[in-house]
Structures are given as C-alpha cells and as structure tokens.
Amino acid sequence: MSLPSTHEVTQLLKEWTAGDQQALEKLTPLVYRQLHQVAQRCMAGERSDHTLQTTALVNEAYLRLVDCGKVNWQDRAHFFAISAQLMRRILIDFARSRGYQKRGAGAAHMSLDEAPSVCKEPDADLLRLDDALKALATFDERKTKVVELRFFGGLSVEETAEVLRISSDTVLRDWKFAKVWLLRELNAGIGRGH
C-alpha cells in the first residue's frame, strides 16, 4: 500500500471539516498508518514493560482528533502538526499520572540531536523537556512549535516550514537556537537539583 498523496489527505480533511462523515471513514486508514509510525518513534526507546503501548498512543490521539469537532483543517501538514501536539500532551499526561518527579532530579542529560525520535528518554526527562518547552514558549512560541513538530511529530525541515508557513532556513535557525536554549535549560535544571 503506497502512502496517500498530500492532496488526497488535504481534500478528505476539508470534506470532513464540511461535515462529510464518509470523508472521515476514507481518511482514517490513510492517516492511521502515518500516526502509527509517529507513535512507533515515540515508543521506540521506552522500557519493554511500559504500560502505554504504541497502538494505545495512536488510538488516544485519534480519539482526541475526532473529538476536536469542527477544526478548520488547512492541509495534511496541519493535521499532523495537531497530531504531534496531541501525542506530546498524551505522553506528558501519562508521565505525570505515573507519579514521576516533575523535573527528574538526577536524570541523565537529554539530547535533541537525535530528533525526531521523540520518546527515547525516561518519563522524567520528558517532563523536564515539557517544562523547558513551556518556558521557551513564553518568549518565542514559533521556536517551541519548531521543536514540537520536529521532535514530537517527526516532521522534516520542509514539512515544518510548510506547517508554520516560514522558510526552511528559518526552521533551521529556529531549530538550532531552540536546541541550544533547551539544553541550557535542561542542564541548569539539573544544576538546581530539579
């Protein structure tokens, strides 16, 4: 089975937005496979006894997407950007519900250089990254979105540029700045014992 075209997914998203439930039925198998690939990257480095499995992550994200109601989907990239945000929230909520320390005191350093494979670090590191992203968003929301799309969503530089409607060069600059800033924040948090 070949991947669906960007146009095909975008058209089905627009039809679904207009209220066509058959479009949703056609869209589901097309995007589910890609959502599963994103979730597999998320879960690849998790411990083998992790209670949240890849399919459960996909299903939870899918249910939240369907429950979004009348989202005015712009295109395929917009859909996967929202999906990345939802997966991030699900993973963060799951990590917090498991009772892990908020900032992961004593946890190993987290590297963003291995993006876009997202969830290879323990839950505590994921929580620390989420806290750092929230801090970054207070002064530069776009850089936060670049990290979210690349790191959590697995989008390429070009796809990220398409979603954010900026140039690929801007994505690369934002990505480079955000990595340095986030690493500084994460290292400072360890130094403060958080």
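In helix α1, the buried residues are Val9, Thr10, Leu12, Leu13, Trp16 and Thr17. Viewed down the axis of α1, these buried residues fall within an arc of 165 degrees, so they line one face of the helix. The model described here is a predicted one. Helix α1 covers residues 6–17 and reaches 16 Å from its first C-alpha to its last, close to the 16 Å expected at 1.5 Å a residue. Gly19 follows α1 and has a positive phi, near 105 degrees.

**Overall architecture**

The secondary structure of the protein chain amounts to 8 helices and 0 strands, and the pattern along the sequence reads α-α-α-α-α-α-α-α. Of the 194 residues in the chain, 49% are buried.

The largest nonpolar core contains 54 residues, among which Leu35, Phe79 and Leu182 touch the most other members. At least two residues of this core come from each of α1, α2 (21–43), α3 (54–66), α4 (76–97), α5 (123–137), α6, α7 (157–164) and α8 (168–191). Helix α4 provides the largest share, 12 residues. In soluble globular proteins, nonpolar side chains tend to be buried together.

**Aromatic residues**

Across the whole structure, a search finds 5 aromatic pairs. In one of them, the ring centres of Phe79 and Phe80 are 5.2 Å apart and the ring planes stand at 90 degrees, so the pair is edge-to-face; an angle over 60 degrees is required for that class. Both partners are buried: Phe79 has a relative accessible area of 2%, and Phe80 has one of 7%. These values fall under the 20% limit, so each residue counts as buried. Phe79 and Phe80 also belong to one aromatic cluster with Trp16 and Trp73.

Helix α6 (residues 141–152) has 12 residues and reaches 15 Å between its first and last C-alpha, close to the 16 Å expected at 1.5 Å a residue. Because 9 of its 12 residues are buried, α6 is largely enclosed by the rest of the structure. The buried residues are Lys143, Thr144, Val146, Val147, Glu148, Leu149, Arg150, Phe151 and Phe152. This list includes the charged residues Lys143, Glu148 and Arg150.

Two of these residues, Lys143 and Arg150, have their charged ends placed over aromatic rings, as set out below.

| Residue | Ring | Distance to ring centre |
|---|---|---|
| Lys143 | Phe177 | 5.1 Å |
| Arg150 | Trp175 | 4.8 Å |

At the start of α6, a side-chain oxygen of Asp140 comes to within 3.3 Å of the backbone nitrogen of Arg142. Just after the helix, Gly154 adopts a positive phi of about 70 degrees.

**The loop between α7 and α8**

Arg165 is located in the loop between α7 and α8. Its phi is positive, at about 55 degrees, although Arg165 is not a glycine. With a relative accessibility of 55%, Arg165 counts as exposed, since the threshold for that class is over 50%. Arg150, in contrast, is listed among the buried residues of α6.

Notes. Residues numbered from 1 in each chain as written. Predicted model: local features only at pLDDT ≥ 70, side-chain atom pairs only at ≥ 80, totals over all residues. Heavy atoms only, no water. Phe/Tyr/Trp six-rings, centres within 6.5 Å; stacked < 30°, edge-to-face > 60°. Buried < 20%, exposed > 50% of the residue type's maximum accessible area, 1.4 Å probe, protein only. Lys NZ or Arg CZ within 6 Å of the ring centre and 35° of its normal. Helix = DSSP H or I, 4+ residues; strand = E, 2+ residues; numbered from the N terminus. Expected span 1.5 Å × (residues − 1). Arc of directions from axis to C-beta. Polar contact = N/O pair within 3.5 Å; in protein donor to acceptor, adjacent residues only side chain to side chain. Core = buried A, V, L, I, M, F, W, Y, C linked by side-chain atoms within 4.5 Å.
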